[in-house]
Amino acid sequence: MPKKYNIAVIPGDGIGPEITSAAIEVLEAAVAKKEIEIFTKELKAGGAAIDLYGIPLPQETIAAAKDSDAVLLGAVGGPKWDDMEPEVRPERALLGLRSGLGLYANIRPVKVYDQLKDASPLKNPGNIDFIIVRELTGGIYFGKNGVYQSGDRLPDGTVKGKIAFDTESYSEGEINRILKIAFELAMKRRRKVTLVDKANVLTTSRMWRTLASQMSFDFPEVELECLYIDNAAMQLISRPSSFDVIVTSNLFGDILSDEAGQIAGSIGMLPSASIGTPGTPGLFEPIHGSAPDIAGQNKANPLGAILSAAMMMRIMFNEEEIASDIEEAVRKTLESGLRTSDITFIGENNNVTLVGTTEITKAVIENL
Ligand SMILES: NC(=O)c1ccc[n+]([C@@H]2O[C@H](COP(=O)([O-])OP(=O)(O)OC[C@H]3O[C@@H](n4cnc5c(N)ncnc54)[C@H](O)[C@@H]3O)[C@@H](O)[C@H]2O)c1
């Protein structure tokens with residue numbers, strides 16, 4: 001009996017449809033000779049859903065996503081919907097999907113392929129291969145916030161001028177579940193976890209540190225390093241190859257993962273996964289946006305989406321062989337000199353050939 005995987009595909013807007021269909025084509029080719037059947041169901045979200053139903057995340061989409069084994073997302077948003085109120089804009093679908101599916105951990109691998117070292121803004125990038133594990137549903141983005149108006153009475157006096165506030169709060173449970181993901185990932189890799197926090201200032205950070213130290217007793221083979229966020233932002237540039245798994249809060253992870261994304265050279269190369277409680281579908285997507293400036297022109301780099309599909313095979317379905325096959329096919333494709341427009345402009349090199357989305361996808365499939 002073949003294994004059956006039900007994948008909800010949300011192409012979204014801009015280049016989303018081009019890159020998700022490329023990823024599904026590659027996935028289907030990768031499982032073709034295995035005892036695996038892939039079933040896909042296309043769902044609307046973002047601007048595409050606003051145009052059809054007037055809202056960015058229809059109930060049917062979230063229900064079908066919950067019903068699937070895993071979700072593949074392209075990207076949402078674009079200038080067509082830029083004037084809309086934040087609550088109804090396409091990007092709102094991302095928040096709705098994360099909270100609807102209970103996705104509390106964002107996993108973002110950062111790898112610089114040997115063939116793309118010229119494209120990295122770092123002079124000597126070295127062997128960069130690390131993962132950022134970011135807490136996704138807690139912290140300051142979800143804490144109590146508001147504005148005290150001038151004249152409001154506070155316990156310590158009357159407010160002069162408005163005061164705006166946001167609060168960071170984390171429960172032990174929220175921290176422990178994400179730390180566990182980080183330590184478990186490290187066990188499958190180079191066995192090092194770096195906790196990034198601001199424990200010299202923030203009470204929440206001190207709790208992260210205490211819990212990380214406690215958890216490290218359960219993972220004696222894993223080295224635990226703790227860095228303040230300001231120092232980590234520097235070290236990511238000065239010694240990126242020394243990192244293995246970085247774990248951090250929502251706010252710090254948001255900033256660090258974009259910094260790290262730049263190291264890889266092109267935004268089009270990087271995959272990501274957002275996962276929740278075991279047994280619930282995870283969401284897999286490239287880190288870039290909908291790139292409206294190149295949509296529909298066969299210019300989009302589909303490799304970030306293709307590598308996201310590989311992550312899905314590894315994380316959701318434990319199909320390590322298929323995931324590695326896809327990653328190796330991507331490496332071979334880059335080695336053969338094929339590049340999409342986002343990566344050719346750097347390292348003026350006669351051995352590279354500029355190709356489009358469909359051509360590079362075809363090459364990955366041939367290299368499988
Ligand atoms: N997860 C998401 O769905 C997501 C994430 C970020 C931005 N967005 C939305 O996407 C829209 C555009 O945002 P932006 O321009 O700030 O960021 P973007 O990532 O879409 O594009 C930034 C630049 O990188 C290029 N680029 C991005 N991905 C590429 C790829 N795969 N291949 C080749 N080039 C690529 C684009 O052409 C553009 O020049 C906005 O509406 C934004 O809100 C969505």
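Me: What volume does the largest cavity have?
Reply: This is a predicted model, in which local features need pLDDT of at least 70 and side-chain atom pairs count only at pLDDT 80 or more, while totals for chains, interfaces and linings use all residues. Residues are numbered from 1 along each chain as its sequence is written, and side-chain values use heavy atoms, with hydrogens and water left out. On a 1 Å grid over the protein atoms alone, a cavity is a set of points where a 1.4 Å probe fits but cannot get out, and its volume is the space filled by probe spheres set on the points, which are joined across faces, edges and corners. By this rule there is one cavity of 30 Å³ or more, and the volume of the largest cavity is about 40 Å³.

Me: Which element gives the most residues to the lining of the largest cavity?
Reply: The lining residues, which have an atom within 4 Å of a point, include Glu 168, Asp 197, Trp 208 and Phe 252. Two elements give two or more residues to this lining, β10 (192-197) and α6 (203-216), where strands are DSSP runs of E with at least two residues and helices are runs of H or I with at least four, numbered from the N terminus. With three residues, the element that gives the most is α6.

Me: Which residue forms a salt bridge with Asp 197?
Reply: A salt bridge is a side-chain nitrogen of Lys or Arg within 4 Å of a carboxyl oxygen of Asp or Glu, and a search of the whole structure finds 23 of them. In the salt bridge of Asp 197, the closest N and O atoms are 2.7 Å apart, and the partner is Arg 209. The pair links distant parts of the chain, 12 residues apart, with Asp 197 in strand β10 and its partner in helix α6, namely Arg 209.

Me: How much space lies in the largest pocket?
Reply: A pocket is an open set of points with protein on both sides within 12 Å along at least five of seven lines. The largest pocket is lined by 40 residues, and the closest to its centre are Ile 131, Leu 185, Met 311, Arg 314 and Ile 315. The space in this largest pocket is about 1100 Å³.

Me: How far is a backbone N or O atom of Asn 301 from a nitrogen atom of the ligand?
Reply: The ligand is surrounded by 20 residues, and Asn 301 is among the closest, where a residue counts as near if one of its heavy atoms lies within 4 Å. Between a backbone N or O atom of Asn 301 and a nitrogen atom of the ligand, the distance is 2.8 Å.

Terms used
Polar contact = N/O pair within 3.5 Å; in protein donor to acceptor, adjacent residues only side chain to side chain.
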